[in-house]
Amino acid sequence: MKPETKDKLKKVGEKLSKFKFPALILLLGLVLILLPGQKEEQEQTTEQTQPAAADGETELEYCARMETEIAQILGRIEGAGQVQVMLTLKAGKTTQYQTDYDTTSNQSGSDLSGATEQKTVILSRGSAYDEAVVVRTDYPSFQGALIVAQGAGNAAVRLELVNAVSALLGLGTDKISVVKMK
């Protein structure tokens, strides 16, 4: 290689070394910009693969499923024996949607009046699919529980059943009744 070429390459190398940190920061910034796009795609695919059976479940189906699951769990308590559970619903499933408020005012003379219009926020995913933005979904809450158990004649078993149901459903012990199965 010619000495002139070596000198030119050396000078270019020295100039590039001055900019290695800004170039590194720029490269890191580009990588960070690209990462969230990949994460969003992953979140969308996980949303699509989750089972949708719970969303289409009615309140009565939800209540029946909870009764069955709780009865199975309570039946495993020592001394409980066979257990049946009945739950009463206090409130059904509620969904709260995101809303926007538009306020208009009318200032004619001394009359100051206004109107507020409430609109539900809609997200559009493509030309044929729109959905409202859900802020919060509250599942049905329970009002009380009746437990019928073979071992309910024993006070210790009754106490364990009441405490278990109270912990599972968040009910006060005064809302749970335990009776002996015949």
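Good morning. I begin with the surface, where F21, L24, L27, L28, V31, L32 and L35 make up a nonpolar patch with about 700 Å² of accessible area together. Please keep in mind that this is a predicted model.

K8, K11, K15 and K18 gather on the surface as a patch of positive charge. Of these lysines, let me take K8, which is located in helix α1, residues 3-18. K8 is classed as exposed, with a relative accessibility of 60%.

Let me now step back to the overall architecture. The protein contains 4 helices and 9 strands. Read from the N terminus, the order of elements is α-α-α-β-β-β-β-β-β-β-β-α-β.

How much of the protein counts as buried? The figure is 18% of its 182 residues. The accessible surface of the protein amounts to about 14200 Å², and carbon and sulfur atoms hold 55% of that surface. As for contacts, among those with a separation of 6 or more, 62% join residues 24 or more positions apart.

I turn next to charge pairing. Side chains of opposite charge can pair when their charged atoms come close. How many salt bridges does the rule give here? The count is 1 salt bridge. The partners are R65 and E69, whose side chains meet with an N to O distance of 3.3 Å. That distance qualifies because the cut-off is within 4 Å.

Where does this pair sit in the fold? Both R65 and E69 are in helix α3, residues 59-74. The two are 4 residues apart, about one turn of the helix.

Are the two partners buried, exposed or partly exposed? R65 has a relative accessible area of 33%, and E69 has a relative accessibility of 37%. Both therefore count as partly exposed, since buried means under 20% and exposed means over 50%.

To close, I return to the surface features: the nonpolar patch that includes L28, the positive patch that includes K8, and the salt bridge between R65 and E69. Thank you for your attention.

Methods. Residues are numbered from 1 along each chain as its sequence is written. This is a predicted model: local features need pLDDT of at least 70, side-chain atom pairs count only at pLDDT 80 or more; totals for chains, interfaces and linings use all residues. Side-chain values use heavy atoms; hydrogens and water are left out. Buried means under 20% relative accessible area, exposed over 50%, partly exposed in between (1.4 Å probe, protein chains only). Contact means heavy atoms within 4.5 Å. Accessible areas come from the Shrake-Rupley method with a 1.4 Å probe; for residues, only the protein chains shown count as cover. Patches are made of residues with over 30% relative accessible area and no salt bridge: like charges are joined within 9 Å, nonpolar side chains (Val, Leu, Ile, Met, Phe, Trp, Tyr) within 5 Å. Lys and Arg count as positive and Asp and Glu as negative; His and the chain ends are not counted. The place of a charge is taken as NZ of Lys, CZ of Arg, CG of Asp or CD of Glu.
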